[in-house]
Amino acid sequence: MNSTSPASTLRRRELLGAGLAAAAAALPFAAHAQAFPSRTVTLVVPFPAGGSVDLIARLYAEPLAKALGTSVVVDNRAGAGGSIASAQVARAKPDGYTLVVSSQSSHLANPLTQSNVGYDPIKDFASIAQLARTPNVLVVNPAVPAKTLKEFIAHVKANPGKLNFCSAGPGSMGQLNAELFKNAAQLDAVHVPYRGGGPLVTALMANEVQFGLDNLAPFLPQIQAGKLRALAVAAPTRLSVLPDVPTFEELGYPRSNATSWIGLAAPAKTPPEVLAALYKAVRSVAEQPAMIEALQTRGALVPEALSSAQFTAMMGERLAVYGDLVKRLGIRGE
């Protein structure tokens, strides 16, 4: 004889119904997580169009869209040397659809030299992967009577405080790179900041400033035309575009030999499976022969296959090195 009461039967039906409803409600979320990406992915470039970060972002946009199976758009949001847009992405929803094209300017120089940058480059982001490495170059005006780095150092030491060096602004990577080398070689020279890469190249060619140590790309055409002279490059090996120019490491200055990097980062707390999908897509594009050739012809280097943890560790090491320099010299950005 069945002793189950109508009330208990009704209760079981209610519980079963509630469980089915909860499972049904959870399905869209599970499907959404598994289906990433299901809509447009935005690559936020925190600088104006035309610069090296923007160039690399646009090189990746189309092949990355094919790798992800969705549209990828580049959104330029310039301001405060990359800080404004970087802070916006740090506060964006951590779902993988709003990413920042990071660089040593936005994720190293700015946090170290700006008092209210609005984000922590390590804690507020999940670094996904490198997109490119960009070599730096020590370049001089041809009026400087030095054909080698050794001769250049001797010339600066013979003229303390009389030579000027350029950068793209106070607290920029151009200033930090030059200050790091000056410190290692014990040089006395005057920093003259400009507003961007174009004006500093013009000033260097006009001999308003005598040298600079910054990203190769804007200097390369003038070096190849003989209007500027390259003395050393920061790269793992000599560059095919400047085969006769030695690396800083060859010349005894290993700390100045680190290449700059351009990467991709998401807001912190982005789901691991989303980060993994983005990493896989980036690496598939970075390894394509067409991308390798495109990077090299623009004076960039193929990115290292760093995991997120390795990328973050590298950033931490450089923040420590440059942070010590900034603190000792009292360097401040705009």
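Me: Which are the buried residues of helix 4?

Reply: They're Gln104, Ser106, His107, Leu108, Ala109, Asn110, Pro111 and Thr113. Buried here means under 20% relative accessible area, with exposed over 50% and partly exposed in between (1.4 Å probe, protein chains only). Bear in mind that this is a predicted model: local features need pLDDT of at least 70 and side-chain atom pairs pLDDT 80 or more, while totals for chains, interfaces and linings use all residues. Residues are numbered from 1 along each chain as its sequence is written, and side-chain values use heavy atoms, leaving out hydrogens and water.

Me: What makes helix 4 largely enclosed?

Reply: Eight of its 10 residues (104-113) are buried, so the rest of the structure largely encloses helix 4. The cover over those buried residues includes helix 3 (83-90), strand 3 (98-103), strand 4 (125-134), helix 6 (173-185), strand 10 (260-267) and helix 11 (308-329). Helices (H or I, at least four residues) and strands (E, at least two) are DSSP runs, numbered from the N terminus.

Me: Why is threonine 247 called buried?

Reply: Its relative accessible area is 3%, and the cut-off is under 20%, so threonine 247 qualifies. Threonine 247 sits in the loop between strand 9 (229-234) and strand 10. Apart from neighbours within four places in sequence, its contacts (heavy atoms within 4.5 Å) are Val233, Ala235, Thr237, Arg238 and Asn257.

Me: What makes a space a cavity and not a pocket?

Reply: On a 1 Å grid over the protein atoms alone, a cavity is a set of points where a 1.4 Å probe fits but cannot get out; a pocket is an open set with protein on both sides within 12 Å along at least five of seven lines. Lining residues have an atom within 4 Å of a point. A volume is the space filled by probe spheres set on the points, which are joined across faces, edges and corners.

Me: How many cavities are there of 30 Å³ or more?

Reply: Two. About 70 Å³ lies in the largest cavity, with helix 2 (52-68) giving three residues, the largest share of its lining.

Me: What is the make-up of the lining of the largest cavity by class?

Reply: Seven residues are nonpolar, four polar and one charged. Ala, Val, Leu, Ile, Met, Phe, Trp, Tyr, Cys and Pro count as nonpolar, Asp, Glu, Lys and Arg as charged, and the others, Gly among them, as polar. Ile262, Arg298 and Gly299 are among the lining residues, so they count as nonpolar, charged and polar in turn.

Me: Which element gives the most to the lining of the largest pocket?

Reply: That's helix 4, with five residues. This pocket has a volume of about 1100 Å³ and 48 lining residues, with Phe47, Ser105, Ala168, Gly196 and Gly197 nearest its centre. The lining has 18 nonpolar, 25 polar and five charged residues.

Me: What makes a set of residues a nonpolar core?

Reply: They must be buried Ala, Val, Leu, Ile, Met, Phe, Trp, Tyr or Cys residues joined through side-chain atoms within 4.5 Å. The largest such core has 38 residues, and Tyr60 and Val101 have the most contacts inside it. Helix 2 supplies the largest share, nine residues. Beyond four places in sequence, tyrosine 60 touches Leu131, Val282, Val285, Ala286, Met291, Leu295 and Pro303. A second, separate core of 22 residues includes Val144, Ala146, Val156 and Phe248.
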